[in-house]
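Here is a short briefing to read alongside the model. Keep the 3D view open and follow along topic by topic.

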Amino acid sequence: MKAKTVQLPDGTTVPAIGQGTWYMGERNSDLRAEVKALQQGLDAGMTLIDTAEMYADGGAERVVGEAISGRRDEVFLVSKVYPHHAGGAKAIAACEQSLKRLKTDCLDLYLLHWRGSIPLHDTVAAMEKLQQSGKIRRWGVSNLDTDDMQALWKIPGGNACMTNQVLYHAAARGIEFDLLPWCEEHGVPVMAYCPLAQAGKLRHDVLTAPVMQEIAKTRGVSSAQIALAWVIRSGNVIAIPKAVQPQHVKDNAAALTISLTEDEIARIDTAFPAPKHKMPLDMV
């Protein structure tokens, strides 16, 4: 079966499941395993790698830089800028530091990590400047709710935004009420972080839920693969799970070819109901 992809607004195609790096780069003793995991993921077709200057204070970007050394052309490279760096000379300097840690001269996609006190129009201007100088190819946002996206769209050039990266998994479906429909209407794919409901202290019962385990058992796959297949089911969402264990990397990549049936989706909906009203944007 063909691996699923998602098309960005500029026509660029990326895999529907990429690789996250949150919590990578925190211990030197893990470096070799983390680099190897990212390279294994690239080999398996998960060529989108997401990182951020915030992760391990640049440590995650250094891990990615090691992993993609000699393979930069294979990778769709994403990083994120702190809100307090997202304007003027600070944005230029932050991007240059990220590029240095990543050992590359250009990012494929640069995201505002979350909205801070710097006005969105200053961030858009900085992103455009970075594009003009060839340091980034595209830009987008992360952790912006519907009203933030509407505000962005009113800014000249704001609608050049390529994605909105937000928390999304079966137990956190708040974006489905208004943000996800808004993004779909405006042709903006969503990038889902924590798609397995696991990161740091975040632990939901998604993978241990009976419905996930039953569907997984019937199909002969893991519950994590079912959870990922559910997240990317619409064709407009890119999931970026983090994995270091070789089997987890392999499972994540294999989920690219899993299509859930209408009955399976209905069963998951029953266990994890869609929101019936506006909810605060989930963030971790």
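The notes below go through the sheet, one of its strands, a helix, the cysteines and the cavities.

This is a predicted model, in which local features need pLDDT of at least 70 and side-chain atom pairs count only at pLDDT 80 or more, while totals for chains, interfaces and linings use all residues. Residues are numbered from 1 along each chain as its sequence is written, and side-chain values use heavy atoms, with hydrogens and water left out.

**The sheet**

- Eight strands form an open sheet with parallel pairing, in the order S3-S4-S5-S6-S7-S8-S9-S12. Strands (E, at least two residues) and helices (H or I, at least four) are DSSP runs numbered from the N terminus, and two strands pair if DSSP finds at least two bridges between them.
- Strand S3 (19-20) and strand S12 (237-239) are the edge strands, each pairing on one side only.
- Strand S4 (residues 48-50) and strand S5 (residues 76-81) run parallel and are joined by three bridges.
- Along this pair, leucine 48 stands opposite phenylalanine 76 in S5, and aspartate 50 has valine 78 as its bridge partner in S5.
- Helix H3 (residues 88-102) packs on the sheet, where it touches S5 and strand S6 (109-112). Contact here means heavy atoms within 4.5 Å.
- The direction of H3 makes about 135° with that of S5; axes are lines fitted to C-alpha atoms, for helices over the stretch in contact, and angles run from 0 to 180 degrees between N-to-C directions.

- Six of the six residues of S5 are buried, where buried means under 20% relative accessible area, exposed over 50% and partly exposed in between (1.4 Å probe, protein chains only).
- Phe76, Val78 and Lys80 point one way from S5, whereas Leu77, Ser79 and Val81 point the other way.

**Helix H9**

- In helix H9 (residues 246-254), the buried residues are Val249, Asp251, Asn252 and Ala253.
- Helix H1 (31-43) and helix H8 (223-231) are among the elements that cover them.
- Asparagine 252 counts as buried because its relative accessibility is 5%.
- Apart from its neighbours within four places in sequence, asparagine 252 is in contact with Ile17, Met46, Leu196, Leu228, Pro241 and Ala243.
- The C-alpha atom of asparagine 252 is separated by 12 Å from that of isoleucine 238, 14 residues apart along the chain.

**Cysteines**

- With a disulfide taken as a pair of cysteine sulfur atoms within 2.5 Å, the count is zero.
- Cysteine 95 is in no disulfide, and the nearest cysteine sulfur, in cysteine 106, is 8.2 Å away. Cysteine 95 is also buried, at 0% relative accessible area.
- Which cysteine has the sulfur closest to that of cysteine 194? That is cysteine 183, but the sulfurs are 18 Å apart and therefore too far for a bond. Cysteine 194 is buried as well, at 6%.

**Cavities**

- There are two cavities of 30 Å³ or more. A cavity is a set of points, on a 1 Å grid over the protein atoms alone, where a 1.4 Å probe fits but cannot get out.
- The largest cavity has a volume of about 50 Å³; grid points are joined across faces, edges and corners, and a volume is the space filled by probe spheres set on the points.
- Residues lining the largest cavity include Asp145, Leu167, Arg173, Asp178, Lys278 and Asp282, where lining residues have an atom within 4 Å of a point.

Note on methods
1 Å grid on protein atoms, 1.4 Å probe; cavity = no way out; pocket = protein on both sides within 12 Å on 5 of 7 lines; lining within 4 Å.
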